[in-house]
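Student: I am new to this structure and would like to learn how to read it. Could you walk me through it?

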Amino acid sequence: MTGRPLHAMTVDVEDYYQVSGMEDRVCRSDWDQLESRVERSTDRMLSLFDDVEVRGTFYILGWVAERFPRLVKRIADAGHEIASHGYWHRLVYEITPDEFAKDITDSCDAIYTACGIRPTAYRAPSFSIIQESLWALDILVENGFTDDSSIFPIAGHDRYGVPGSRKDIHTRKTTHGPIREYPPSIARFGKAPVPVGGGYFRLLPLHLTVRAIQSIEKKHRPAMFYIHPWEIDPQQPRVKGLRRSAAFRHYIGLERTERKLRRMMNRLSFGTMTESRKDADRHQKKTADKRSDLNASISR
Ligand SMILES: [Zn+2]
């Protein structure tokens with residue numbers, strides 16, 4: 001990191017009907033019958049990333065990997081980091097530890113079969129590792145995961161958040177060993193904490209998201225940004241009967257998102273989660289070296 005941090009760009013690869021806000025309208029047993037858009041919208045995302053020369057971390061749903069293995073291969077071949085978003089997109093706090101272990105294993109098997117890479121980074125559907133489901137970290141480590149990005153350091157959200165948890169990349173202890181946690185970023189507008197990415201990115205004017213990321217830069221930390229392929233697909237079929245809040249969250253700003261994303265990636269620097277962490281580590285080391293040089297010259 002010379003002056004400005006390399007922020008983490010992450011994509012949760014799932015279809016428009018697999019989001020948690022549609023769970024009560026779309027049964028998992030119907031997924032195979034619905035018009036799938038994930039391949040074309042992810043390809044669009046890949047071509048955008050190629051244009052702006054950004055590599056990202058792609059959290060792929062096992063269900064998608066099993067049905068579209070060539071898509072997974074294209075993501076890997078383009079140099080992006082391959083990670084797991086589970087298999088069935090089930091909220092971690094709504095399943096048992098055994099079900100969770102099977103879900104992550106099935107997802108890794110599908111991704112490995114598709115591209116020959118076994119993911120070691122995980123993001124829970126809707127960031128559903130909360131205080132009550134922290135046990136999931138033990139199971140992740142037990143199954144060979146080294147990195148997680150599922151803990152939102154925010155209070156007052158209906159579906160996710162561990163209030164008061166750390167906002168920087170940090171290591172957490174589990175009974176099976178350590179795991180690195182990459183929390184999604186939060187910006188403050190006045191007193192209100194606002195997540196950086198997803199629906200909030202679509203809702204807010206671009207300059208506010210850029211300002212939010214710049215405020216994180218000022219703390220010499222990289223930001224963690226997240227987006228989904230369906231968010232750049234305004235033509236996706238509309239799911240009927242959604243609750244008003246779920247429909248608002250899902251459909252707001254779809255027409256503008258691809259353009260906004262392109263402009264944001266041209267203004268700020270992004271990379272994979274691993275690239276972003278290594279860049280931050282280099283910066284920290286450089287700052288520490290400078291400080292010790294200064295101390296040495298003062299004591300001379
Ligand atoms: Zn998801």
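**Reading the charged contacts and the metal site**

Tutor: Gladly! By the rule of a side-chain nitrogen of Lys or Arg within 4 Å of a carboxyl oxygen of Asp or Glu, the count comes to 23 salt bridges. Keep in mind that this is a predicted model.

Student: Which residue forms a salt bridge with D24?

Tutor: That is R243, with the closest N and O atoms 3.3 Å apart. D24 sits in the loop between β1 and α1 and R243 in the loop between β10 and α8, so this pair links parts of the chain 219 residues apart. D24 is partly exposed, at 48% relative accessible area, and R243 is partly exposed too, at 42%.

Student: Are R202 and E231 buried or exposed?

Tutor: Buried means under 20% relative accessible area. R202 is at 2%, so it counts as buried, and E231, at 0%, counts as buried as well. Their side chains meet in a salt bridge of 2.5 Å, N to O. R202 belongs to helix α6, while E231 is in the loop between β10 and α8.

Student: Which residues are linked in a network of salt bridges?

Tutor: E35, R37, R40 and D233 are linked that way.

Student: Now the metal: which residues coordinate the zinc ion?

Tutor: E14 (OE), H85 (NE2) and H89 (NE2) do, at 2.0 to 2.1 Å. E14 lies in the loop between β1 and α1 and H89 in the loop between β3 and α4, so the pair ties together parts 75 residues apart in sequence. Both E14 and H89 are buried.

Student: Where do R256, R259, R263 and R267 gather?

Tutor: They form a patch of positive charge on the surface. One of them, R263, has its place in helix α9.

Definitions and conventions
Residues numbered from 1 in each chain as written. Predicted model: local features only at pLDDT ≥ 70, side-chain atom pairs only at ≥ 80, totals over all residues. Heavy atoms only, no water. Donors = N, O, S within 2.8 Å, 3.2 Å for Na, K, Ca; no water. Helix = DSSP H or I, 4+ residues; strand = E, 2+ residues; numbered from the N terminus. Buried < 20%, exposed > 50% of the residue type's maximum accessible area, 1.4 Å probe, protein only. Patch = residues over 30% accessible without salt bridge, like charges linked within 9 Å, V, L, I, M, F, W, Y side chains within 5 Å. Areas by Shrake-Rupley, 256 points an atom, 1.4 Å probe, with all protein chains shown as cover. Lys, Arg positive; Asp, Glu negative; His and termini not counted. Charge placed at Lys NZ, Arg CZ, Asp CG, Glu CD.
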